[in-house]
Amino acid sequence: MNTKISLIGAPTDIGAGSRGASMGPEAMRVANIATVLAAHGLDVIDKGNVLGPSNPWLPPVNGYRHLPEVTQWNQSVHDAVYAELSDGRLPILLGGDHCLGIGSISAVARHCRDTGKKLRILWLDAHADFNTNALTPSGNIHGMPVACLCGHGPKELIEIGGHVPAISPKWIRQIGIRSVDEGEKRFVHEQNIEVFDMRYIDEMGMRSAVEMALALVDANTHLHVSFDVDFLDPHIAPGVGTTVRGGPNYREAQLCMEMIADTGRLASLDVMELNPALDERNRTAEVAVDLIESLFGKSTLMRK
């Protein structure tokens with residue numbers, strides 16, 4: 001695994017339904033993400049924050065809230081993530097709301113086209129994020145990034161990264177899903193996205209879900225993890241705008257991260273939707289940093 005890490009903050013809640021995710025990057029820094037990763041012998045550089053327009057807090061237009069601003073933020077994120085990948089570093093995007101996954105993952109997909117790598121995306125989330133302007137109940141674009149990446153969205157967003165669609169639905173595995181809007185459910189089914197929802201995890205266990213999600217990952221695979229903090233059960237991670245009961249507990253989340261780390265293939269990471277305004281004494285950021293530490297190889301024992 002790449003030991004050169006670049007932290008990139010994207011302090012915006014432009015695609016979200018509540019304010020506060022804009023404070024997420026700072027909360028992660030307060031929870032000492034750079035120091036914690038550096039303690040594992042990683043070369044960590046904090047590149048500061050990308051810039052973008054402030055949140056105008058307007059109603060949706062044609063089913064999209066803040067489309068021009070969302071586009072600007074995602075273009076900035078794309079450029080920052082792509083630059084770090086081109087420089088041979090592993091970018092960790094500190095969000096911000098999950099609409100920023102469009103910029104981040106389109107940059108990763110572009111890098112994979114440059115380098116001839118296969119891409120596998122693990123989408124750890126309570127939500128499928130596969131809405132369109134026709135399906136969305138809210139118009140909030142943080143419910144649409146996977147659809148946009150698969151080519152179902154406004155021209156401005158699907159063309160970021162220079163290739164439409166940016167990814168194939170075959171490259172993505174969703175884990176922890178437990179809240180999907182009615183119309184979105186049918187669309188996810190039609191697109192054949194591989195989803196390990198909470199019922200699957202209850203019946204078969206987290207181990208089986210992650211094993212299946214990582215199947216056929218090999219030395220030529222770029223593994224991208226898009227970690228929405230609402231993936232976690234709100235009991236351990238209250239600091240998110242869209243809590244959904246019944247998510248993975250602390251041990252299940254740790255197992256997921258440790259199994260990803262075991263592959264040695266992690267090559268880029270998003271940490272999204274952390275909302276300190278809704279948190280208790282920064283505990284959600286601390287849990288997130290703890291889990292990210294496991295993604296980068298913290299384990300209880302030395303394993304063979």
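This is a predicted model: local features need pLDDT of at least 70, side-chain atom pairs count only at pLDDT 80 or more; totals for chains, interfaces and linings use all residues.
User: Which residues of helix α7 are buried?

Analyst: Start with the general idea. An α-helix has 3.6 residues a turn, so residues three or four places apart point the same way. Now the case here. Helix α7 covers residues 182–190, and its buried residues are Glu-184, Phe-187 and Val-188. Viewed down the axis of α7, these fall within an arc of 100 degrees, so they line one face of the helix.

User: Which residues are exposed on the other side of α7?

Analyst: Glu-182, Arg-186, His-189 and Glu-190.

User: What do the buried residues of α7 pack against?

Analyst: They pack against β6, residues 194–197.

User: Take Phe-187 in α7. Is Phe-187 buried or exposed?

Analyst: Check the relative accessible area. Buried means under 20%. Phe-187 has 14%, so Phe-187 is buried. Beyond its neighbours within four places in sequence, Phe-187 is in contact with Phe-130, Thr-132, Leu-135 and His-152.

User: How do the axes of α3 and α4 cross?

Analyst: Look at distance, angle and hand. The axes of α3 (67–86) and α4 (101–115) come within 7 Å and cross at roughly 35 degrees. The crossing is right-handed. Residues in the contact include Val-77, Val-81 and Leu-85 of α3, and Ile-102, Ala-107 and Val-108 of α4. By class, the contact has 7 nonpolar, 8 polar and 2 charged residues.

User: How many residues has α3, and what span does α3 reach?

Analyst: α3 has 20 residues. From first C-alpha to last, α3 reaches 28 Å, close to the 28 Å expected at 1.5 Å a residue.

User: Now the backbone. Which residues have a positive phi although they are not glycine?

Analyst: First, the general rule. Most residues other than glycine have a negative phi, and most peptide bonds are trans. Trp-57 sits in the loop between β2 and α3, and is partly exposed at 34% relative accessible area. Leu-216 also has a positive phi, about 70 degrees. Leu-216 is in the loop between α9 and β7, and counts as exposed at 73% relative accessibility.

User: Where are cis peptide bonds found?

Analyst: Read omega. From Gly-95 to Gly-96 the bond is cis, with omega near 20 degrees. Gly-96 lies in the loop between β3 and α4. A cis bond also joins Val-164 and Pro-165, with omega about -10 degrees. Pro-165 is in the loop between α6 and β5.

Conventions: Residues are numbered from 1 along each chain as its sequence is written. Side-chain values use heavy atoms; hydrogens and water are left out. Buried means under 20% relative accessible area, exposed over 50%, partly exposed in between (1.4 Å probe, protein chains only). Helices (H or I, at least four residues) and strands (E, at least two) are DSSP runs, numbered from the N terminus. The arc is that of the directions from the helix axis to the C-beta atoms. Contact means heavy atoms within 4.5 Å. Axes are lines fitted to C-alpha atoms, for helices over the stretch in contact, and angles run from 0 to 180 degrees between N-to-C directions. A crossing is left-handed if the near helix is turned anticlockwise from the far one by less than a right angle, and right-handed if clockwise. Ala, Val, Leu, Ile, Met, Phe, Trp, Tyr, Cys and Pro count as nonpolar, Asp, Glu, Lys and Arg as charged, and the others, Gly among them, as polar. The expected span of a helix is 1.5 Å times one less than its number of residues.
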